[in-house]
Amino acid sequence: MEIAPTRRQNTTTAPNLTKIIGSFIEVITHEILFTSSLYPFDAFSPTRHYGVTCHACRHPDVVDYIFETLKVAVPGIISGIVDELCIILYDSETDKVLEKYTLEFELDETVNIAEMDSSTHHDQTVSERKVLDEVILNLERSLRDILLRISTLDGTDLGRKRGQKKFSSTATFKICVHTKNLKGRHTTGSNASQDVGEYPELQGAIEEGKWSMADEEYSNFSRNSNNATMHNVNETNVKANEFVMRPLKSVHVPSCGMNIQLLMERLK
């Protein structure tokens, strides 16, 4: 992944949709932490992704938390089980939510993105590979548009005021995912942990005690609060607050059947 050269990376494999989306969410999470001034300016290093100048937090704990969280979240997005991912900035002493950034994902049921993603070079004909290359190109263009929108927040009222620290030293962040089952019935309460069998990455994380369900009052998503909200237990729950929502960017990629919307929410 471009923002965090790491021993985990395998550069010999061809890019697929899972890697592209995972790398994209990793990049924009780091960029949101930068533009919101959650951490000091010198905690970030400049880098580039899709030709866009962005910033990566250099603290190993932050890098590892984001990477390990997305290892669970991204497969759920590709499968359609995760329909929202939320980056929540909050005060660790008061549990007060400061800002929220939500990525909403909607998959076209007529396009099997998971099957498309699972194919390999060896399985594909030349024509099939050309189709997938076009899908990847269109997806990367759309993801670049979202990254550009986030990077333009720097130095504005919505982002970092240059030379000013926005939050206190007790501010931190967490990442949550919003899940639904494949039958379209929204899960609630303890039933959600029983319905993730078709999502093995989350099932394993729950069994290992790394992830748990957020209480209903902490379901910080724009969709119906009755749906299941999961979070990495390395971070604490945050209390629900009243927010003003601002849509930042919406993209539609028909070739892979994916719609993505980025929302920003702040306290009224």
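**The whole chain**

Begin with the complete model, which is a predicted one. Colouring by secondary structure shows six helices and nine strands. The chain has 268 residues, and buried residues make up 49% of them. Of the contacts with a separation of 6 or more, 66% are between residues 24 or more positions apart.

**Helices H1 and H2**

Select residues 17-35, which form helix H1, together with residues 60-79, which form helix H2. The two axes come within 9 Å and cross at roughly 135°. H1 and H2 are therefore oblique to each other, and their crossing is right-handed.

Next, display the side chains at this contact. On the H1 side, select Leu17, Thr18, Ile21, Gly22, Ile25, Glu26, Thr29, His30 and Leu33. On the H2 side, the selection is Val62, Val63, Ile66, Phe67, Leu70, Val74, Ile77 and Ile78. Colouring the contact of H1 with H2 by residue class gives twelve nonpolar, four polar and one charged.

**Salt bridges**

Side chains of opposite charge can pair when their charged atoms come close. With a limit of 4 Å between a side-chain nitrogen of Lys or Arg and a carboxyl oxygen of Asp or Glu, the model contains four salt bridges. Three stops follow, each at one of these pairs.

Lys71 forms a salt bridge with Glu68, and the closest N and O atoms are 3.2 Å apart. Because Lys71 and Glu68 are three residues apart in helix H2, about one helical turn separates them. Lys71 is partly exposed, at 46% relative accessibility; Glu68 is likewise classed as partly exposed, at 31%.

Move to Glu265 and Lys100. This pair forms a salt bridge in which the closest N and O atoms are 3.6 Å apart. Glu265 belongs to strand E9 (residues 258-267) and Lys100 to strand E4 (residues 97-107), so the pair ties together parts that are 165 residues apart in sequence. Are Glu265 and Lys100 buried or exposed? Glu265 is buried, with a relative accessible area of 6%, and Lys100 is buried at 4%. The cut-off for this class is under 20% relative accessible area.

Then select Glu208 and Lys210. Their side chains meet in a salt bridge at 3.2 Å, N to O. Glu208 is exposed, with a relative accessible area of 54%, whereas Lys210 counts as partly exposed at 47%.

**Two residues with positive phi**

Select Ser37, in the loop between H1 and strand E1 (44-49). Ser37 is not a glycine, yet it has a positive phi of about 60°. The residue is buried, with a relative accessible area of 2%.

Continue to Asp95, in the loop between strand E3 (82-91) and E4. Asp95 is partly exposed, with a relative accessible area of 22%.

**Cys86 and Leu262**

For the last stop, select Cys86, which is found in strand E3. Cys86 is buried, with a relative accessible area of 0%. Cys86 and Leu262 are 176 residues apart in sequence, and their C-alpha atoms are 9.7 Å apart in space.

Key: Residues numbered from 1 in each chain as written. Predicted model: local features only at pLDDT ≥ 70, side-chain atom pairs only at ≥ 80, totals over all residues. Heavy atoms only, no water. Axes fitted to C-alpha atoms, helices over the stretch in contact; angles between N-to-C directions. Helix = DSSP H or I, 4+ residues; strand = E, 2+ residues; numbered from the N terminus. Parallel < 35°, antiparallel > 145°, perpendicular 65-115°, else oblique. Left-handed = near helix turned anticlockwise from the far one by under 90°. Contact = heavy atoms within 4.5 Å. Nonpolar A, V, L, I, M, F, W, Y, C, P; charged D, E, K, R; others polar. Buried < 20%, exposed > 50% of the residue type's maximum accessible area, 1.4 Å probe, protein only.
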